[in-house]
Amino acid sequence: MILLPRLYAIVDAAFSSTPEEIVTFAEELLAGGCTLLQYRNKSGNSRVMLEQALVLRRHSRAKPAPSAGSGQALSLPKGAPAPHVPPKLIMNDRADLGLAAEFDGVHVGQDDLSPESVRRIIGPERWLGVSTHNPEQIQAADRTSADYLAIGPVFSTLSKDKPDPVVGLDGVRRARQQTRKPLVAIGGITRANAASVIEAGADSVAVISDLLREPRKSAEEFFRILR
Ligand code: TZP
Ligand code: MG
């Protein structure tokens, strides 16, 4: 069973105009404590998506600049920075691009390739997430090899085109009863309501808009609230 961080941060290309902006946003999220980022791009062509994904991959693998005295000793000296652990990168929608950019996982919805087709493409090790929007979809996704399920939209959202009907906290509670897989809640989740979503049974909250302004500070606050 995989272990998801409390905050599942989404880097949506719709909110950045250049690859540099995407990287800056991602770096802020990482500085705020994020250990997993999903790359989402609903409008870019395949080449643009792969370029942006590769830039994200390269930057998140890069070690932060070493501070004086670090990295030499076998055991870490007191006060030394923790070793750099690259974040998990999850590709939305596209198994092919997830592989091409050497991402750690792929997330698919109800209109993408089926979970088992994606599993055949990405192999047993990479993480596979599946979006669901109602009890029937949860039941079906629970029988697949998905590593985690997403349920939503929990609350109303402006970040998704033609969103499914809102499921509310009751939808999260019900999903929790239907699956033992790690459960990510998504849709309209903010620092103000995130605790209630975790209380309803989600393991993690996926967020786009409430990270856009001051991503580092917002991520830190999410982690403080959801400790
Ligand atoms: N799937 C269901 S709601 C949603 C997606 C991708 C958008 C979530 O964005 P926000 O801004 O956190 O509501
Ligand atoms: Mg999708």
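Is Asp93 buried or exposed? In this predicted model, Asp93 counts as buried, because its relative accessibility is 18% and the cut-off for buried is under 20%.

First, the overall picture. The protein chain has eight helices and eight strands. Its radius of gyration is 18 Å, close to the 17 Å that the globule rule gives for 227 residues, so the chain is as compact as a globular protein of that length. Laid along the principal axes, the C-alpha atoms fill a box of roughly 55 × 40 × 35 Å. Buried residues account for 47% of the 227. Of the contacts between residues at least 6 apart in sequence, 59% join residues at least 24 apart.

Confidence comes next. Mean pLDDT for the protein chain is 93, with 91% of residues at 70 or more.

Now for the metal. The magnesium ion (ligand 2) has Asp93 and Asp112 as its protein donors, each through OD, at 1.9 to 2.2 Å. The two come from distant parts of the chain, 19 residues apart: Asp93 sits in the loop between strand 3 (88-92) and helix 3 (95-100), while Asp112 belongs to the loop between strand 4 (105-108) and helix 4 (115-122). Asp93 is the buried one at 18%, whereas Asp112 is partly exposed, with a relative accessible area of 27%.

Helix 1 is worth a look too. Running over residues 19-31, helix 1 has 13 residues and spans 18 Å from its first C-alpha to its last, close to the 18 Å expected at 1.5 Å a residue. Its buried residues are Ile22, Val23, Phe25, Ala26 and Leu29. These cover an arc of only 165 degrees around the axis, which puts them on the same side of helix 1. Just after helix 1, Gly33 adopts a positive phi of about 105 degrees.

Helix 8 also holds Ser218, which is buried with a relative accessible area of 1%. Beyond its neighbours within four places in sequence, Ser218 makes contact with Arg191, Asp210, Leu211 and Arg213.

Leu158 gives a contrasting case: this residue is exposed, with a relative accessible area of 89%, and lies in the loop between strand 6 (148-151) and helix 6 (168-178). In sequence Leu158 is 51 residues from Ser209, yet their C-alpha atoms are 8.5 Å apart in space.

Most residues other than glycine have a negative phi, and most peptide bonds are trans. Against that background, the peptide bond from Gly152 to Pro153 is cis, with omega near 0 degrees, and Pro153 is placed in the loop between strand 6 and helix 6. Glu102, not a glycine, has a positive phi of about 55 degrees; this residue is in the loop between helix 3 and strand 4 and counts as partly exposed at 42% relative accessibility. Glu214 likewise has a positive phi, near 50 degrees. Glu214 lies in the loop between strand 8 (204-207) and helix 8, and is partly exposed at 45%.

Note on methods. Residues numbered from 1 in each chain as written. Chains lettered and ligands numbered in written order. Predicted model: local features only at pLDDT ≥ 70, side-chain atom pairs only at ≥ 80, totals over all residues. Heavy atoms only, no water. Donors = N, O, S within 2.8 Å, 3.2 Å for Na, K, Ca; no water. Helix = DSSP H or I, 4+ residues; strand = E, 2+ residues; numbered from the N terminus. Buried < 20%, exposed > 50% of the residue type's maximum accessible area, 1.4 Å probe, protein only. pLDDT = per-residue confidence, 0-100. Expected span 1.5 Å × (residues − 1). Arc of directions from axis to C-beta. Contact = heavy atoms within 4.5 Å. Rg over C-alpha atoms; globule rule 2.2 N^0.38 Å.
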